[in-house]
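Visitor: Could you take me through this model, please? I would like to begin with helix packing and then move to the ligand.

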Amino acid sequence: MKALVDTRILQREYLLAISRALTAELDLHDLLRIILRAAVELVSGRAGMIALVEPDSETFRVAAVYGIPPHLVDHFAPLVHGLPYEEGTENEAIPEITRRLKEIARKADMGLTQALRLPMTSGNQLIGLIYVFQSGNYYFVEDAARLLRSFAEQAAIAVRNARLYQQVHQEKQRLYAILEQSADGVMILDPSLRIKVFNKSLSQMTGWNATDVIGQTHHDVINWVTVRTDSDLEDAIANGWPLPGATQIYVEGDLQRFTDQESQSKTGQLISLGITYAPLVDENDQMTDIIANVRDLTRYREEEQLQKTFISVVSHELKTPVSIIKGYAGTLRRQDANWSPEVLDESLAVIEEEADHLTALIDNLLEASRLQAGTFNLEISEEVLLPKIAADVVRKFGSQVQDHTFILDFPADFPAVMGDERRLIQVFNNLVSNAIKYSPGKGEITVSGDVHSDYVTVSVADEGIGIPDHEKYRIFQKFSRLDNALSRKTEGTGLGLFLTKAIIEAHDGRIWFSANEGKPGTTFTFSIPRD
Ligand code: ADP
């Protein structure tokens, strides 16, 4: 009698320890292993197996085994198929199970003779079956089925929890993947405005690495240079946002794109962002998170700016030559004046020059619109002589300016290239006229060529004002004129280099520029393939 009581106490302690282990384990795979091993040990069995009901179907799947070598597991499948569990049958040895087990034991050479089968139910729902096997002449302990029954109930709850946890975990992974892959920027802040999540798109927009900003405050990262809406997030919070009813706020403005500490300067690249902040509140109306959805409006802003620039540039640039032409023509027409042939000639030359200027401007505008419309096609001729074009262009500009000197430096064996002659002339025109325009007063301008095995290069070097480092990236953009006093004083549309680059790239070439070593000025160089 005492021995029986002892065993019961031991069993109860064992059950308690196991149930603690079960509640702590959230990994379904590990949990099933613990359950099965405990079940087998509890009734002194030899081996065991757990079959789980497949979600969304009535079939079972072997989810864990104990004491069965992996290569023999398939033999046990007949035990889980076609033997529906009936409530209340766990105490009886089901003859069909015993019969199938013996057959399996014979095939697998395992000597198993008896089986217990217990349901794992949660609520009224059957979620799985635990099988425990006995071998040879051993018998299950007395009361084995009852013991296992209460254990199986606990195990069922643990399995259900682990599955829920798994589902939540999967759901979280899925949401995280959506968030990370979203084309919009997404950021999650805690109530003290520290950044908790910062997705890939947002990193690309702002230049910040997620790992560097997690834990930083919102203001350190979204540090507006200008805000176009009434207030930013910090202002809104200072004014009591979010009020009950939890509404979103929208903030739009410009900020500095983060590069690295050294090149971080107030004149670096600005990006325009539109951010919608939505508060997440708990049941007590306390804010738990702020979800920020970020749109990159930079291109939209740039387009808008371009439109404005386009209109002001074009009207200004068209007006100047037109008013000069009109002024000269009006003067020449005066009935009362008797103009000397020299004055007449000089005035007509100015009219002609300004008309040329207008034509060049209109050509540039047409080319730009062809590029935009995708109808920009090269008219290729076989033998384009770049040194000759260089000489012609230098001669033409040389006659218009007095204080600049020109040097031409092409090797004698400089080969002819294939290309669109008219457009290559335009490239030289643009580069040489820039070299003159941006070396105010005087200076030396060198147009030189180099021959390489697969390509040739042409450089136009000036001794002018140079190009500041932080402006480098926008020099070839449409309508971009650098923000220095000179480009405000000189005429120009900011189209020249944009078209030059498009023309060179259409020839499979490249164009770049560099500061001159040891002296002021800039050298623009382009390459063109020899074939
Ligand atoms: P623009 O019609 O204004 O000359 P470009 O596209 O040819 O337009 O040039 C764009 C801007 O690049 C110019 O406004 C000027 O600020 C700068 N730039 C071009 N060439 C030079 C140069 N050789 N030296 C210094 N700045 C230059």
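**Helix packing and ligand shell**

Visitor: What is the handedness of the crossing of helix 10 and helix 12?

Guide: Helix 10 and helix 12 cross in a left-handed manner, meaning that the near helix is turned anticlockwise from the far one by less than a right angle (right-handed if clockwise). Helices (H or I, at least four residues) and strands (E, at least two) are DSSP runs numbered from the N terminus. The model is predicted: local features need pLDDT of at least 70 and side-chain atom pairs pLDDT 80 or more, while totals for chains, interfaces and linings use all residues. Numbering starts from 1 along each chain as its sequence is written, and side-chain values use heavy atoms, without hydrogens and water.

Visitor: Which residues make that contact?

Guide: Helix 10 contributes Asn 364, Glu 367 and Arg 370, and helix 12 contributes Arg 422, Arg 423, Gln 426 and Asn 430 (contact: heavy atoms within 4.5 Å). By class, this contact has no nonpolar, three polar and four charged residues. Ala, Val, Leu, Ile, Met, Phe, Trp, Tyr, Cys and Pro count as nonpolar, Asp, Glu, Lys and Arg as charged, and the others, Gly among them, as polar.

Visitor: And at what angle do helix 12 and helix 14 pack?

Guide: The angle is about 145 degrees, and the axes are 9 Å apart; axes are lines fitted to C-alpha atoms over the stretch in contact, with angles from 0 to 180 degrees between N-to-C directions. This crossing is left-handed. Residues meeting there include Leu 424, Val 427 and Leu 431 of helix 12 and Leu 497, Leu 499 and Ile 503 of helix 14. The contact has seven nonpolar, five polar and one charged residues.

Visitor: Now the ligand. Which residues come nearest?

Guide: Of the 20 residues around the ligand (a heavy atom within 4 Å), Asn 434, Asp 462, Arg 481, Thr 493 and Leu 497 come nearest. The shell divides into eight nonpolar, nine polar and three charged residues.

Visitor: What lies 2.8 Å from a ligand oxygen atom?

Guide: A polar side-chain atom of Asn 434 does. Lys 437 places a polar side-chain atom 2.9 Å from a ligand oxygen, and for Tyr 438 a side-chain N or O atom is 2.9 Å from one. The ligand alone exposes 530 Å², of which the protein buries 98% (Shrake-Rupley method, 1.4 Å probe). Helix 12, helix 14 (496–506) and strand 17 (522–529) each give two or more residues to the shell.

Visitor: Changing topic, which peptide bond is cis?

Guide: The bond from Trp 241 to Pro 242 is cis, with omega near -5 degrees. Pro 242 lies in the loop between helix 8 (233–238) and strand 8 (249–256).

Conventions
A polar contact is a pair of N or O atoms within 3.5 Å; within protein, one must be able to donate a hydrogen and the other to accept it, and residues adjacent in sequence count only if both atoms are side-chain atoms.
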